[in-house]
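Let us walk through this model one chain at a time, then look at how the chains meet. Keep the structure open as you read.

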Amino acid sequence: MKSFVGFFGSTAVFAVSICIIYWFSSHDRGGALLLGFMCVALSFAAGYAFFTEKNAALEGDDRDLKHREAAGEDITIVTKESPWPLTLAISIVWFLVGLLWSDFMLFTGLAAMLLCLWRLGAESARVGGETIMTKEGPENFT
Amino acid sequence: MKMWLTSTNHKQIGLMYISTTFFFFILAGILSLLIRLQLAQPDQNILTPHEYNQIFTLHGTAMIFLVIAPFAFGLGNFLVPLQIGAHDMAFPRLNLLGVFLFIFSGIIIFLGVFAEGGGAFAGWTAYAPLSTMIVGTGAGQDLWLLGILVNSVATIMVAINFVVTILLYRAPGMTMWRMPIFTWEILATALLILMAFPSLACVVCELLLERHYGAQFFNPAHGGDPILYQHLFWFFGHPEVYVMILPYFGVVTEVLAVFSRKPVFGYVGLVLSAFAIAGLSMGVWAHHMFTTGAVANGFFSGMSFLIAVPTGVKFWNWIGTMWKGKLEFTTPMLFAVGFLFNFLIGGITGVMVASPPIDYHAEDSYFLVAHFHYTLGGGALFAVFAAIYYWGPKMFGFKLNETMGKANFWLMFIGFNITFIPQFFAGIEGMPRRVFTYAPTGDLGWLNAVSSIGAGIMAISAVGFVLNVIVSKLAQEPVGDDPWGAGQTLEWATSSPPPEFNFHALPPIRSERPVFDMRHPELAEERH
């Protein structure tokens with residue numbers, strides 16, 4: 001994880017450097033702004049990784065950890081199937097087409113998107129009948 | 001059928017990406033044959049200029065947005081969790097949403113052909129004001145823009161998923177510095193996507209706002225600036241080149257190591273050079289704009305030359321990996337070596353056009369067309385085939401026929417070079433790209449005829465590949481966990497194809513070659 005922070009952080013420093021050099025060599029606001037945005041995005045990613053590292057127990061970063069030492073711990077709940085991603089994708093496309101050509105499609109698409117997002121949220125909060133992943137492998141959760 | 005529509009399993013989603021990209025690859029290939037048919041002789045009228053413009057626009061769009069990059073996402077989806085010992089991707093439903101948005105983006109783009117006035121015809125770069133209301137009217141261009149917008153959102157979703165999965169889902173012992181090179185390259189690619197694709201989404205929205213809501217971002221008559229479009233587009237467009245090639249650097253690295261029966265030479269150098277390429281590629285976008293006269297040519301030329309350094313490091317490492325190895329020229333190895341040859345030509349000509357004086361001459365000529373086809377066709381596409389032949393047994397549970405595979409390679413290699421070497425010379429003679437015909441002057445006639453013959457040979461090779469898949473599927477000889485007998489990374493520690501949650505048991509991970517260590521504990525002990 002430290003490597004991860006290092007990569008993102010050093011790329012952010014690199015972006016700042018070329019942004020400054022670019023500005024003084026061209027005085028082009030558009031390009032300098034793009035490089036500036038890039039630096040902000042990279043810093044955000046580095047910051048996210050830095051704080052995640054502090055708050056998460058990352059077995060992957062322990063060079064000598066054995067599988068059995070990490071066994072038994074729940075790591076995530078896996079949804080094996082869901083109809084809502086497909087429905088949401090159709091809604092997004094419907095909405096975007098409506099944005100250009102049809103108010104009916106625009107509003108029905110928006111409503112459908114909200115419905116799908118709500119159902120996805122509800123699905124995330126529900127755990128019954130799904131699968132809990134442990135370090136040892138899947139266990140059916142009932 | 002329901003399973004394919006609702007399953008969130010990463011392997012299934014990976015296969016959805018791969019099969020969809022193959023479908024679009026066939027469409028794009030047919031379009032390229034039509035282009036070569038039209039250009040086979042001077043002054044031909046097989047296609048009208050408007051049809052020709054639509055065809056090269058769709059060909060470029062399909063290859064870039066619907067084939068080369070998404071195939072890598074499919075490969076990454078299938079392989080990254082396996083290579084890091086995870087059970088699935090971090091966000092399975094986001095993953096499924098991403099693949100459906102990708103599929104719909106392709107459908108939308110191709111549906112534009114049936115719109116009144118035909119499909120988009122402003123090229124895959126859709127330069128303003130060509131793509132705005134000034135010239136490009138009709139719903140075809142709108143559908144193209146919508147498709148690209150949906151595609152860019154889907155791509156950003158994939159990238160977020162890769163980053164979080166690699167960051168948080170590694171198995172015990174799988175430190176970052178033990179990850180396979182392919183996974184590292186996918187991480188660098190995801191980083192690039194997160195930096196570059198928002199710019200594409202932004203510029204496409206601006207074009208749509210211009211075309212439908214009267215915005216004037218790029219129209220100089222109302223205070224807009226067409227150069228701004230080029231800045232925003234190429235800020236995405238150049239990193240996109242590396243989004244399309246970095247994962248394939250990973251593919252080639254893995255294939256070369258396994259079929260040289262050696263560990264990867266210069267592991268750290270390969271990782272650092274991937275990130276150096278990714279970082280540098282964000283600062284070279286305006287080398288596509290030298291001839292506008294509106295950018296700092298010296299800055300962008302210098303940065304572009306610098307990219308050759310980490311790329312050279314990679315070549316050094318690939319040669320070092322093969323050096324004194326027990327080379328085995330299987331089909332994936334042949335495609336990987338073919339990649340090295342073609343990509344080297346693409347890279348060297350890339351360094352040439354990074355120099356503004358040469359670029360002023362080569363810009364918008366067939367020299368440039370040949371250059372980027374050597375990079376992405378001869379490079380990425382050869383690695384696509386290497387990946388299919390190499391990981392195919394893991395994905396589908398059967399090996400592709402080796403004899404047919406080797407014929408597939410040689411036809412593809414010979415056909416590719418016959419197609420694109422003449423285009424360098426046509427470009428030097430001044431043949432501009434994106435013209436539907438040309439006068440019979442100089443050597444252009446025979447150069448184009450040879451190029452079209454090469455395209456035909458490549459088409460035969462592609463048909464041979466399809467036949468190989470059918471024949472091998474019918475023969476369906478079962479394969480073991482590691483059909484190549486020299487797998488190094490974790491995907492070779494599980495069955496072919498892998499079970500639903502990937503592993504019944506994982507070997508200890510104490511190096512970047514856990515499967516090799518498991519088979520040769522005496523050597524592993526020695527090394528640690």
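**Chain A**

Buried residues make up 25% of the 142 residues in chain A. This is a predicted model. The secondary structure of chain A amounts to four helices and three strands. Read from the N terminus, its elements follow the order α-α-β-α-α-β-β. Now take the contacts in chain A that have a separation of 6 or more. Of these, 59% are between residues 24 or more positions apart.

**Chain B**

Turn to chain B. It has 16 helices and zero strands. Its radius of gyration is 23 Å, close to the 24 Å that the globule rule gives for 528 residues, so chain B is as compact as a globular protein of that length. The C-alpha trace of chain B spans about 70 × 50 × 50 Å along its principal axes. Of its 528 residues, 60% count as buried. Residues 24 or more positions apart supply 82% of the contacts in chain B with a separation of 6 or more.

**A helix pair inside chain B**

Two packed helices are described by the angle between their axes and the distance between the axes. Start with H7(B) and helix H9 (residues 297–322) of chain B. Their axes come within 9 Å and cross at roughly 20 degrees. Angles under 35 degrees count as roughly parallel, and H7(B) and H9(B) are therefore roughly parallel to each other. The crossing of H7(B) past H9(B) is left-handed.

Which residues in H7(B) and H9(B) meet? From H7(B) come B:Phe249, B:Val252, B:Thr253, B:Leu256 and B:Ala257. From H9(B) come B:Lys314, B:Trp318, B:Thr321 and B:Met322. By class, the residues of this contact are six nonpolar, two polar and one charged.

**Loops of chain B**

Some loop residues deserve a look. B:Phe218 sits in the loop between H6 and helix H7 (226–259) of chain B. Is B:Phe218 buried or exposed? A residue is buried if 20 or more other C-beta atoms lie within 10 Å of its own. B:Phe218 has 24 other C-beta atoms within 10 Å, so it is buried. Set aside its neighbours within four places in sequence. B:Phe218 is then in contact with B:Ala128, B:Pro129, B:Thr132, B:Glu210, B:Gly224, B:Asp225, B:Pro226, B:Leu228 and B:Tyr229. B:Val435 is 217 residues from B:Phe218 along the chain, and their C-alpha atoms are separated by 25 Å.

Two of those contact partners, B:Ala128 and B:Pro129, are joined by a cis peptide bond, with omega about 10 degrees. B:Pro129 belongs to the loop between helix H4 (92–111) and helix H5 (139–168) of chain B. Another cis peptide bond joins B:Ser496 and B:Pro497, where omega is about -5 degrees. B:Pro497 is found in the loop between helix H14 (444–475) and helix H15 (514–519) of chain B.

Next come two arginines. Phi of B:Arg261 is near 55 degrees, a positive value in a residue other than glycine. B:Arg261 lies in the loop between H7 and helix H8 (267–281) of chain B. It has 14 C-beta neighbours inside 10 Å, so it counts as partly exposed. Phi of B:Arg434 is near 60 degrees, again a positive value in a residue other than glycine. Look for B:Arg434 in the loop between helix H13 (402–428) and H14 of chain B. With 13 other C-beta atoms within 10 Å, B:Arg434 is partly exposed.

**Where the chains meet**

Finally, bring the chains together. Their contact takes 52 residues from chain A and 47 residues from chain B. On the chain A side, the elements that give two or more residues are helix H1 (2–26), H2, helix H3 (84–101) and strand S3 (137–140). This side of chain A has 32 nonpolar, twelve polar and eight charged residues.

One helix pair spans the two chains. The axes of helix H2 (residues 29–55) of chain A and helix H6 (residues 181–213) of chain B come within 10 Å and cross at roughly 135 degrees. H2(A) and H6(B) are therefore oblique to each other. H2(A) passes H6(B) in a right-handed crossing. H2(A) contributes A:Leu34, A:Met38, A:Ala41 and A:Ala45, while H6(B) contributes B:Leu194, B:Met195 and B:Ser199. The residues of this helix contact divide into six nonpolar, one polar and no charged.

Notes
Residues are numbered from 1 along each chain as its sequence is written. Chains are lettered from A and ligands numbered from 1 in the order in which they are written. This is a predicted model: local features need pLDDT of at least 70, side-chain atom pairs count only at pLDDT 80 or more; totals for chains, interfaces and linings use all residues. Axes are lines fitted to C-alpha atoms, for helices over the stretch in contact, and angles run from 0 to 180 degrees between N-to-C directions. Angles under 35 degrees count as roughly parallel, over 145 as roughly antiparallel, 65 to 115 as roughly perpendicular and the rest as oblique. A crossing is left-handed if the near helix is turned anticlockwise from the far one by less than a right angle, and right-handed if clockwise. Two residues are in contact if their C-beta atoms, placed from the backbone, lie within 7 Å. Ala, Val, Leu, Ile, Met, Phe, Trp, Tyr, Cys and Pro count as nonpolar, Asp, Glu, Lys and Arg as charged, and the others, Gly among them, as polar. A residue is buried if 20 or more other C-beta atoms lie within 10 Å of its own, exposed if 12 or fewer, and partly exposed in between; C-beta atoms are placed from the backbone. The radius of gyration is taken over C-alpha atoms; the globule rule is 2.2 Å times the number of residues to the power 0.38.
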